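Welcome, and thanks for opening the viewer.

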Amino acid sequence: MTQSSQFMSIARSIEEWVADEAVPGASITIRHRGETVAEHVAGEARPGEPITPGTLFALASVTKPIAASTVMSCVEDGLFALDDPVVRLVPEFEGSVDETVEWYDPALEALRPDITVRQLLSHVSGLPEDLPASYLNFRTLPDLETWTDTMLRMPLRAAPGSTLRYSNVGLAVLSRMVEHATRSDFWDETQQRILDPLGIDEIVARPQGAIVEQIADVVDGARHGSASAAYNSEWWRMTAIPWGGIYGSPRQIARFAEMFLPGRSDP
C-alpha cells in the first residue's frame with residue numbers, strides 16, 4: 001500500500017467516525033522530514049463551525065510532554081539536576097502532607113525525602129494519580145496555586161522508585177519546582193524555552209480573545225455545562241493545569257513531537 005493510499009484510508013476512517021457520531025469532528029496531520037505533507041479534517045469544532053487545519057483541541061495529557069520539556073530545559077541550564085531530591089527544591093512538598101487521606105502510611109512518608117526529579121518525570125515517585133474524589137471543591141473555581149498546593153499534600157501510595165503509577169500529582173510538583181527555580185510563571189518559561197524557539201504559535205496556555213474561537217468543544221468532559229467544566233470553561237482555560245490544561249493544533253503538536261526523533265537537534 002502506498003503512503004497516499006494509507007493516508008486516504010485514515011482520512012476515510014475519521015470521516016466515518018464523524019458520520020457515525022462517534023466524535024463531532026477530527027483532524028489529522030502527517031509530517032515528514034520537517035514538512036507537513038498531508039492534512040485532513042472532518043466535522044465541526046462546535047455547532048455550525050467546521051474543523052480547519054488551524055483548529056485547536058484540548059490537549060489533555062498531551063500537555064505533559066510539553067511540561068516535561070520545560071523541566072528538562074531547566075535541567076540543561078543547570079537550575080537543578082535529575083537526581084536532586086525534590087524536597088530541597090520544593091520545601092512545602094515535605095511539610096504539609098494530609099494525614100487524613102485514607103491511604104496515608106507513615107512508613108511511606110518517611111521515604112518522601114528520597115523522591116527525585118527523575119522519578120517525578122518517570123511516574124515512579126510513588127505519588128497517587130490524582131486527588132481523591134471530591135477532595136477539591138471545583139464549584140469554588142480554585143486557582144492553579146490552590147490546586148497545586150492541594151496536590152502537594154497528597155501522601156505516597158508506594159515507595160519511590162518501586163512502582164510505575166501515572167501521576168498528575170507529579171506534574172503539579174514539577175511545575176511548582178520550575179517556578180521556584182526560575183522565579184517565573186511556569187507557562188511563561190514554557191513559552192520562552194520551548195514554544196518560541198520552535199516557532200510554535202498554535203500550542204497555547206490560557207487562550208484569550210479571538211483565539212478562543214479556534215478551540216473545538218469537548219463533548220464529554222467532567223462537569224460539562226458548569227462554570228468549572230473541564231476543557232470548555234473559561235476557568236479551565238485560564239487555570240492551565242500543567243498536567244492537562246493547554247490547547248493545540250495537530251500540525252503543531254506534530255512539529256513539537258518531531259523534535260524528539262533521533263538525529264534532530266534544531267530547536
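Helices here are DSSP runs of H or I with at least four residues, strands are runs of E with at least two, and both are numbered from the N terminus. Keep in mind that this is a predicted model.

**First stop: a loop residue.** Select Ala240, which sits in the loop between α10 (234-239) and β6. Ala240 is not a glycine, yet its phi is positive, at about 50 degrees. Is Ala240 buried or exposed? Ala240 counts as buried, with 0% relative accessibility, because the cut-off for buried is under 20% relative accessible area.

**Next: the sheet.** Now select β4, β6 and β5, which form an open sheet in that order with antiparallel pairing. β4 (57-58) and β5 (203-204) stand at the edges with a single partner strand each, so one side of each has no neighbour in the sheet. Zoom in on β4 and β6 (residues 247-248): two bridges join these antiparallel strands. Show Phe57 and you will find Gly248 of β6 opposite.

**Then: another positive phi.** Go to His123, in the loop between α6 (117-121) and α7 (144-152). The phi of His123 is positive, near 60 degrees, in a residue other than glycine. His123 counts as buried, at 15% relative accessibility.

**Last stop: the surface.** Select Glu15, Glu16, Asp20 and Glu21 together to see a patch of negative charge. Asp20 lies in the loop between α1 (3-19) and β1 (25-32). Asp20 is exposed, with a relative accessible area of 64%.

Methods. Residues are numbered from 1 along each chain as its sequence is written. This is a predicted model: local features need pLDDT of at least 70, side-chain atom pairs count only at pLDDT 80 or more; totals for chains, interfaces and linings use all residues. Side-chain values use heavy atoms; hydrogens and water are left out. Two strands pair if DSSP finds at least two bridges between them. Patches are made of residues with over 30% relative accessible area and no salt bridge: like charges are joined within 9 Å, nonpolar side chains (Val, Leu, Ile, Met, Phe, Trp, Tyr) within 5 Å. Accessible areas come from the Shrake-Rupley method with a 1.4 Å probe; for residues, only the protein chains shown count as cover. A salt bridge is a side-chain nitrogen of Lys or Arg within 4 Å of a carboxyl oxygen of Asp or Glu. Lys and Arg count as positive and Asp and Glu as negative; His and the chain ends are not counted. The place of a charge is taken as NZ of Lys, CZ of Arg, CG of Asp or CD of Glu. Buried means under 20% relative accessible area, exposed over 50%, partly exposed in between (1.4 Å probe, protein chains only).
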